[in-house]
Amino acid sequence: MSVHKLTLMSATIAVDHEGLVGYPEALRERYRAAGIWAGRSLDEELRAARYGSAPLPALVTAAGRWSYGQLDTLCERFARGLLARTALRPGDAVMFSMGNTAETVVAYYGALRAGLVPVCTLPQHGAREIGVLAGHTGARGHFVQADFRGQDLLAMAAAVTETEGTARELVVFRGTAPPGAHEYLDLLEAGDTAPSPPAAPDLDAPVVYQLSGGTTGLPKIAPRLHEEYAYNARQWAARLGWSPRTTVLYPLPIMHNAGIALALQPAHLSGARVVLTGKADVDSILDAIEAERPNVLPLVPPAVAIRLLEHPRTPTVDLSCIEEFIVGGQKLPLEVADRLENELGLPLRQMFGMAEGMFFLTPSDAAPEVRQRTVGEPISEDDEVRVYGIGTETEVPDGVEGELCARGPYTIRGYYRAGEHNREAFTADGFYRTGDLAARRRIEGGVYYSIEGRIKDVINRGVEKIHAEEVEDLIVRHPAVADAAVVAMPDRELGERACAYLVLAEGAEPLDVAALAEHLRSCGLAKYKLPERVELLEAFPLTNVGKVAKKTLRADIAAKLDT
Ligand code: AMP
């Protein structure tokens, strides 16, 4: 890959011709010299770590269990089959529309083995999201699960192809492929005799494209690189002390950054076992706890924790196997933190994580105030954290809210092909502006961080992110709508849901939630992004610089829900 130097104010940043902002060269060398980065590809690192003599199965799903050796063989056969039978070549991006199945794990690791770059889209994403993100990454392949919860994902994939007029290599899992597409099982079979994938990928090229949950404006792509993504997972596992005696239960969508960087990769880099449930409902979680006796339950969003607390079956299940109950993804209400520890007797740990990198975790021996009120400390000693005054590069004093900014050995240096946006999303010296409001707190001699709110225009619906601008842009395409503002409304179960404030076009009939949903679905928008309440206004309140005063709208809907 050809790289040239771009001097951006005081910082020197490596930029390739495709808009990938990399880590400065001196830093890459330092990370490698210090052994933080391993100097090999993510696939090589996973293979070296996980296919040793781990005594436990690597993967458990409702369909069965797979040892490390079996998983490795499947990944290798799939990778070979992909390169032998499809037009996909190393470096090509592939879209994912797959749920929590063993095939998804093989597809992900197999893609890495073949040198393909997974784009971590979810099966919940509609034709619009898949189309836009495939266009942005230039994806040449699409992996689709045919039997995902009664949804016709193959029809969705066909709709993307039709809209774009581009033929993408389609690989169908757990179903029949339409003409011209490939079936997973056929590729596995072809892989028996096909040659091995070429080794030695470009370590400075993206290995995985993650979807940002954290930007203002339209969703962006976080390009994760081989060594830093492996380090992220390795460091998470090290902080938690994972080993071959660890069993991690993961009930949320595995193709999210959280699934990959908090569960799958750290577990498989430690010789541990991953148990996937197909759904995140309480019964599935309790069934898996009874059957597999996991000792770690990572990234339980507060919504799931509340459901667990309130489910009549919970007190009847022996939860004593769980040594680490890790809640994150959303702000944890203090009352819930307290009840989790006192009613369920679960050893609570809070975490904060993002597709862009930066993870925080509360230490296991932290004081109750740290465990319950903060997300802890950075997982790496090389992470650098700043809490800057909004719009400044000046740190605020301890205990004062400001924007959380981060830089370090696994936090991206720029979104993929987003030159303009990167100038706002990163400081001149490479700190990522998270868009989250945080405070630095000194408690019993330690330094910890608490998450206090958000500046970015994103709605966090049970950890799935809704970018307000994306939905607003589609709403105003409806002929009855003159203007739209989508804001978060508080929700006890999911933390937040989307509420659409609308100004109707002159003489138009009012639009309700169902009609709005129909319009947005016809645009191909994912279901979880649909506004769940509509409020009509004559005109929007404005800030003194003439922008829609979303703070006023959020307060308005919160007050309405409160009465
Ligand atoms: P994603 O990139 O989808 O993983 O989302 C990252 C975003 O989720 C962060 O920027 C925060 O807005 C939010 N988030 C993650 N963990 C927490 C947490 N523990 N408390 C509050 N917000 C969180």
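# A guided tour, stop by stop

Start by selecting Leu542, which counts as exposed at 55% relative accessibility. You are looking at a predicted model, so treat each stop as a feature of that prediction.

**Stop 1: around Leu542**

Leu542 sits in the loop between β27 (533-537) and α17 (550-562). How far apart in space are Leu542 and Ala526, C-alpha to C-alpha? The distance is 29 Å, for two residues 16 apart in sequence. To find what touches Leu542, set aside the neighbours within four places in sequence; the contacts are then Lys547, Val548 and Ala549.

**Stop 2: the three domains**

Zoom out and colour the protein by domain. Domain 1 covers 11-30 + 38-222, domain 2 covers 229-409 + 419-454, and domain 3 covers 458-562. The contact between domain 1 and domain 2 draws 47 residues from domain 1 and 41 residues from domain 2.

**Stop 3: across the interface**

Stay where domain 1 and domain 2 touch and show the side chains. Across this interface there are 3 salt bridges, and 18 residue pairs are in polar contact. On the side of domain 1 that touches domain 2, the elements giving two or more residues are α2 (42-50), β3 (59-61), α3 (68-85), α4 (102-113) and β10 (206-211). That side is made up of 29 nonpolar, 12 polar and 6 charged residues.

Next, select Arg65 and Glu292. They form a salt bridge, and their closest N and O atoms are 2.6 Å apart.

Then pick Glu45, in helix α2. Is Glu45 buried or exposed? Glu45 counts as buried because its relative accessibility is 4%, under the 20% cut-off. Beyond the neighbours within four places in sequence, Glu45 is in contact with Ala38, Arg40, Ala230, Arg234 and Leu269.

**Stop 4**

Select residues 468-475, which make up helix α15. How many of the 8 residues in this helix are buried? The count is 6, so the helix is mostly covered. The buried ones are Ala468, Glu470, Val471, Glu472, Leu474 and Ile475. Show what surrounds them, and you will find that they pack against α5 (127-137), β24 (464-467), β25 (481-491), β26 (495-504), α16 (513-522) and α17.

**Stop 5: salt bridges along the chain**

The whole structure holds 52 salt bridges. Here are some to visit.

- Select Arg339 and Glu310, whose side chains meet in a salt bridge at 3.4 Å, N to O. Glu310 counts as partly exposed, at 40% relative accessibility.
- Select Arg433 and Glu393, a salt bridge with its closest N and O atoms 3.5 Å apart. This pair links distant parts of the chain, 40 residues apart: Arg433 is in strand β21 (residues 432-443), and Glu393 is in the loop between β19 (384-388) and β20. Arg433 is buried, with a relative accessible area of 16%, whereas Glu393 is partly exposed at 42%.
- Select Lys550 and Asp457, where the closest N and O atoms of the salt bridge are 2.8 Å apart. Lys550 lies in helix α17 and Asp457 in the loop between β22 (446-454) and β23 (458-461), 93 residues apart. Lys550 is buried at 13% relative accessibility, while Asp457 is partly exposed at 23%.

To end this stop, select Asp43, Arg47, Asp72, Glu76, Arg80 and Arg113 together: salt bridges that share partners join them into one network.

**Stop 6: two arginines with positive phi**

Most residues other than glycine have a negative phi. With that in mind, select Arg174, where phi is positive, near 60°. Arg174 is in the loop between β8 (169-173) and β9 (182-183), and it counts as partly exposed at 37% relative accessibility.

Finally, go to Arg417. Its phi is also positive, at about 50°. Arg417 is in the loop between β20 (402-407) and α14 (419-425), and its 42% relative accessibility makes it partly exposed.

Terms used:
Residues numbered from 1 in each chain as written. Predicted model: local features only at pLDDT ≥ 70, side-chain atom pairs only at ≥ 80, totals over all residues. Heavy atoms only, no water. Domains from an automatic or database assignment. Contact = heavy atoms within 4.5 Å. Salt bridge = Lys/Arg side-chain N within 4 Å of Asp/Glu carboxyl O. Polar contact = N/O pair within 3.5 Å; in protein donor to acceptor, adjacent residues only side chain to side chain. Helix = DSSP H or I, 4+ residues; strand = E, 2+ residues; numbered from the N terminus. Nonpolar A, V, L, I, M, F, W, Y, C, P; charged D, E, K, R; others polar. Buried < 20%, exposed > 50% of the residue type's maximum accessible area, 1.4 Å probe, protein only.
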